[in-house]
Amino acid sequence: MSHVKAEIATQPECWRQAAKLAEAPGLPAHGERVAVVGCGTSWFMAKAYAALREQSGHGETDAFQASDFPLGRRYDRLVAITRSGTTTETVDVMREVREHTPVTLFTADAAQPATELATDAVVLDFADEKSVVQTRFATSVLATLRAHLGHDIETAAADAEVAVRLPLPVHPALTDQITFLGRGWTVGLAEEAALKCRETAGFWTESYPAMDYRHGPISIAGPRRVVWAFGDVPAGLAEEVERTGAAFVHAKHHGGYGSIGRWVGKRAPLDPMADLILAQRVALALATTQGLDPDNPRHLSRSVVLT
C-alpha cells in the first residue's frame, strides 16, 4: 500500500484528534482582523477557512499566497500554515510581520524554523505524512479551524468514514478531464481537489467558482469529461452540464454510483471535506492506473526551500 493511500484512509480519526485542539492558544479571537497564508495546498485551506470565518461572523479574514502577502497591510493576527515548517515564502512572511503582529503557526514539525518565529504554534504531528502529496495534514488543519468556529467535526468525521469506502464517481479509463467547482468556502476545496489530480497523476484538471463556470469554462465540457461540484450547486447548472455530454458529480445523494458520475441511492449529503476525500482517492486511482508513484510525484519535493 502506498503511503498516500493509508494517509487518505486515516483522515476520520485525524479530524477527531484535530478537533480537540479547537481551544489551542493563539487561534483567532472573535472580532480580530486576520490574514491567513500558505503555499499550494496550505493556501487552499487558508482560502476555505477565511471564507468560513467571515461567513460565521467572526471577523474580517483574508487569505494570501505567502509569496504575494501585502506587507504594508496591518492585521490583528497572522495565521501561517506550513506542514514542513520550512516553506521559504511562508517563513519569510512570518519573519517580516512578527515584530508587530502575533503569528499563529499550524505545522506538523515543531522542530523546524517556522516554530521559532511563531507567537503560538498548533502542532499536528499526528497528521504528518510520509508522502510528498498532502492529504490528511491539510484537512486536519481545516478541521481544527472549523471546530474553533463551532462546526460539528464528529459529523464530518463520520461522513469521512463513508467517503473512504464509497465507490469512486470517476473511472480512470473513462475520463479524460475533470473540472472541480465550489461556492464560498468550498472554492478552496475545489482548487485543492484539482491540485491533487495534477500533482499525483499529472492529470488535466481545472477549478472555478461554480457561479463563474458558465462564463466561459463550460465551453470545454463534453463526453468523457467530468464536472464535480463541492457544496451548494447553482440552480440549473447540473442540467446545463449534462446537456454538454459531460458527467456531473455532486455529493448530494451518496449511496453508490450507477453510470459514471451519477449517484444512486439516497442519504444525507456528505460534508464537503469528506467529499474531498473522494477526490483524493480519484487522484490516487488516476496515478496508479498509469503506473505512477503517488507518494513521489515528478518534479515535487516535500517542501519548497529556496536558496
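Modeller: Let's go with Gln134, which lies in the loop between β5 (120-123) and α6 (136-148); helices (H or I, at least four residues) and strands (E, at least two) are DSSP runs numbered from the N terminus. Bear in mind that this is a predicted model, where local features need pLDDT of at least 70, side-chain atom pairs need 80 or more, and totals for chains, interfaces and linings use all residues. Numbering starts from 1 along each chain as its sequence is written, and side-chain values use heavy atoms, leaving out hydrogens and water.

Gln134 counts as buried because its relative accessible area is 12%, and buried means under 20% (1.4 Å probe, protein chains only). So what does Gln134 touch? Leaving aside residues up to four places away in sequence, Gln134 touches Thr41, Ser42, Arg83, Glu129, Glu192 and Lys196, a contact being heavy atoms within 4.5 Å.

Glu192 and Lys196 take us to helix α8 (residues 186-201). Most of α8 is covered, with 14 of its 16 residues buried. After α8 comes Gly202, with a positive phi near 60°.

Stepping back, the chain has 10 helices and 11 strands. Buried residues make up 57% of its 307 residues. Along the principal axes, its C-alpha atoms fill a box of roughly 55 × 40 × 35 Å.

Note on methods:
Buried means under 20% relative accessible area, exposed over 50%, partly exposed in between (1.4 Å probe, protein chains only). The expected span of a helix is 1.5 Å times one less than its number of residues.
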